[in-house]
Amino acid sequence: MPGVEKAKNQGAKVSTAWQNQNTKLTTLKSNIDQKIQSDRNAADAKRQAAYQKLEAKATTDSEKTAVQTYET
């Protein structure tokens, strides 16, 4: 029955193609997640540096309170 064998082979090819595509998408998502986390970490570090600069400039109690309020 050559038709049955051909259908089985095509089914196997489709299954393999789906698995390959799923692997590619999983890898892509992982790479995107890593990039997002890296960018978030960089933004957090930049934000903390900006807060430290503001705190260094604050001289009066009201300025220090305002900086603390701004940070939260």
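Colleague: Is aspartate 44 buried, exposed or partly exposed?
Modeller: Aspartate 44 is partly exposed, because its relative accessible area is 35%. Buried means under 20% relative accessible area, exposed means over 50%, and partly exposed is in between, with a 1.4 Å probe and protein chains only.

Colleague: What sort of model is this?
Modeller: This is a predicted model: local features need pLDDT of at least 70, side-chain atom pairs count only at pLDDT 80 or more, and totals for chains, interfaces and linings use all residues. Residues are numbered from 1 along each chain as its sequence is written, and side-chain values use heavy atoms, with hydrogens and water left out.

Colleague: Back to aspartate 44. Which residue does it form a salt bridge with?
Modeller: Arginine 47, with the closest N and O atoms 2.4 Å apart. A salt bridge here is a side-chain nitrogen of Lys or Arg within 4 Å of a carboxyl oxygen of Asp or Glu. Both residues lie in helix α1, 3 residues apart, about one turn of the helix. Arginine 47 counts as partly exposed, at 38% relative accessibility.

Colleague: How many salt bridges does a search of the whole structure find?
Modeller: It finds 3. One of them joins aspartate 33 to lysine 29, whose closest N and O atoms are 2.9 Å apart. Another is between the side chains of aspartate 39 and lysine 35, at 3.0 Å from N to O.

Colleague: How far apart in helix α1 are aspartate 33 and lysine 29?
Modeller: They are 4 residues apart, so about one helical turn separates them. Aspartate 39 and lysine 35 are also 4 residues apart in helix α1, again about one helical turn. Lysine 29 counts as exposed at 51% relative accessibility, and aspartate 33 as partly exposed at 38%.

Colleague: Different topic. How many helices and strands are in the chain?
Modeller: There are 2 helices and 0 strands. Helices (H or I, at least four residues) and strands (E, at least two) are DSSP runs, numbered from the N terminus.

Colleague: How many aromatic pairs does the structure hold?
Modeller: It holds 1. The ring centres of tyrosine 51 and tyrosine 70 are 6.1 Å apart and the planes stand at 90°, so the pair is edge-to-face. Rings of Phe, Tyr and Trp (its six-membered ring) pair if their centres lie within 6.5 Å; planes under 30 degrees apart count as stacked, over 60 as edge-to-face and the rest as tilted.

Colleague: Which parts does that pair tie together?
Modeller: Tyrosine 51 lies in helix α1 and tyrosine 70 in helix α2 (residues 61-71), so the pair ties together parts that are 19 residues apart in sequence. Tyrosine 51 counts as buried at 13% relative accessibility, whereas tyrosine 70 counts as exposed at 56%.

Colleague: What separation do the C-alpha atoms of glutamine 48 and glutamate 71 have?
Modeller: They are separated by 9.0 Å, although the two residues are 23 residues apart along the chain. Glutamine 48 is found in helix α1.

Colleague: And the overall dimensions: what box do the C-alpha atoms fill?
Modeller: Roughly 90 × 15 × 5 Å, taken along the principal axes.

Colleague: What percentage of the residues count as buried?
Modeller: Of the 72 residues of the chain, 4%.
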